Amino acid sequence: MIVTGATSGIGRAAAERLARGGATVVLACRDAQKGDAAAVAIRAATGNSAVRAMTCDVSSKESIDAFAVEFQRRFDHLDVLVNNAGIMNPRRKLTPSGIEETFATNYLGAFILTHALLGALRASRQGRVINVSSAGHRDLSRIPFDDLQLVQNYSGVRAYNLSKAALIMFTYTLAEKLADARITVNALHPGIVRSNIWPGELLYLRIGSALCKLIAVSSDKGADNTVYLATSPEVAGVTGKYFHGLREKRSSRITYDRAGQQRLWDLSLELAAIPAAL
Ligand SMILES: NC(=O)c1ccc[n+]([C@@H]2O[C@H](COP(=O)([O-])OP(=O)(O)OC[C@H]3O[C@@H](n4cnc5c(N)ncnc54)[C@H](OP(=O)(O)O)[C@@H]3O)[C@@H](O)[C@H]2O)c1
């Protein structure tokens, strides 16, 4: 199993619980030292020696591609891919390849990594892709296709919500494209969870964060539905769904728009420079 962004928060908690269940777990982390430290701690806490960190910066196609090559050199199949890594940037920043960083990290990275690992997922008896989205996607009234990277009208929350809506649309499209492939693809909202993601830089975000933290649950609790979707036989055949807690729920209206899903898919292939393989 692979968990991206497993150095803290929900990803760290999910990786530990999956390891406790006996899985071989790869922590895909952008910072090698933090990744190694998390792997050491999880091995010690669970007694599972099959936990290791590998470097993967999901905001970088080069890093993802190198990770996927190395993963497939070491392992002959992949049962579970948890696309969990995420950020919220109060101010607009670009990656070295010129893509808005929230979009690159929270959405495009999952799109590229999943494509890069399809061979390994297909080699599993039953592959599962789990996309950690957010209920915040509901606050987005439309996908700004003419300005996906929010050059015109950036806010940290808007960029975050857009990336999470895109991740759900990707989930639905991919699930359909893989319908015959023994690979399930689902998205989830983990709840409001105490973690490092809440930025403290801008006042309105500080106030929002403080309010959220009043009702937030632990990272371990936030990992509940990730672990459920990764391991439960109950959801072995469930695909193309959005989960809130352990229940399927409808996501926002715009995420079901078929033309929008296809448009996003095509734009993502283009941005990621991936040939139309599916
Ligand atoms: N917390 C909530 O209330 C909440 C609600 C809804 C959805 N979510 C989603 O849950 C997921 C996990 O977030 P969290 O709350 O657990 O936050 P967190 O504690 O900040 O964890 C985020 C993880 O993502 C990693 N990451 C960030 N950018 C990365 C990159 N470019 N490449 C690889 N890893 C990267 C971070 O690594 P570093 O240690 O290197 O920074 C960290 O391990 C996110 O997708 C978030 O949007 C959270």
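Author: A residue is near a molecule if one of its heavy atoms lies within 4 Å of it. Keep that in mind here. This is a predicted model.

Reader: Which residues come nearest to the ligand?

Author: There are 31 residues around the ligand. Thr-7, Asn-84, Tyr-160, Val-193 and Ser-195 come nearest.

Reader: Which helices supply at least two residues each of the shell around the ligand?

Author: Look at α1, residues 9-20, and α6, residues 156-177.

Reader: How do the residues of the shell divide into nonpolar, polar and charged?

Author: The shell has 13 nonpolar residues, 14 polar ones and four charged ones.

Reader: How do I read a polar contact?

Author: Look for a pair of N or O atoms within 3.5 Å. Take Ser-195. One of its polar side-chain atoms is 2.5 Å from a ligand oxygen. Val-193 uses a polar backbone atom, 2.7 Å from an oxygen of the ligand. Lys-34 has a polar side-chain atom 2.8 Å from a ligand oxygen.

Reader: How much of the ligand's accessible area does the protein cover?

Author: On its own, the ligand has 890 Å² of accessible area, and the protein covers 94% of that. The ligand takes up the space of the largest pocket.

Reader: What about charged side chains?

Author: Side chains of opposite charge can pair when their charged atoms come close. Here the count is ten salt bridges. One case is Glu-16 with Arg-20, at 2.8 Å from N to O.

Reader: Where do Glu-16 and Arg-20 lie?

Author: Both are in helix α1. They sit four residues apart, about one turn of the helix.

How values were computed
Residues are numbered from 1 along each chain as its sequence is written. This is a predicted model: local features need pLDDT of at least 70, side-chain atom pairs count only at pLDDT 80 or more; totals for chains, interfaces and linings use all residues. Side-chain values use heavy atoms; hydrogens and water are left out. A polar contact is a pair of N or O atoms within 3.5 Å; within protein, one must be able to donate a hydrogen and the other to accept it, and residues adjacent in sequence count only if both atoms are side-chain atoms. Accessible areas come from the Shrake-Rupley method with a 1.4 Å probe; for residues, only the protein chains shown count as cover. On a 1 Å grid over the protein atoms alone, a cavity is a set of points where a 1.4 Å probe fits but cannot get out, and a pocket is an open set with protein on both sides within 12 Å along at least five of seven lines; lining residues have an atom within 4 Å of a point. A molecule sits in a cavity or pocket if more than half of its atoms lie within 2 Å of its grid points. Ala, Val, Leu, Ile, Met, Phe, Trp, Tyr, Cys and Pro count as nonpolar, Asp, Glu, Lys and Arg as charged, and the others, Gly among them, as polar. A salt bridge is a side-chain nitrogen of Lys or Arg within 4 Å of a carboxyl oxygen of Asp or Glu.
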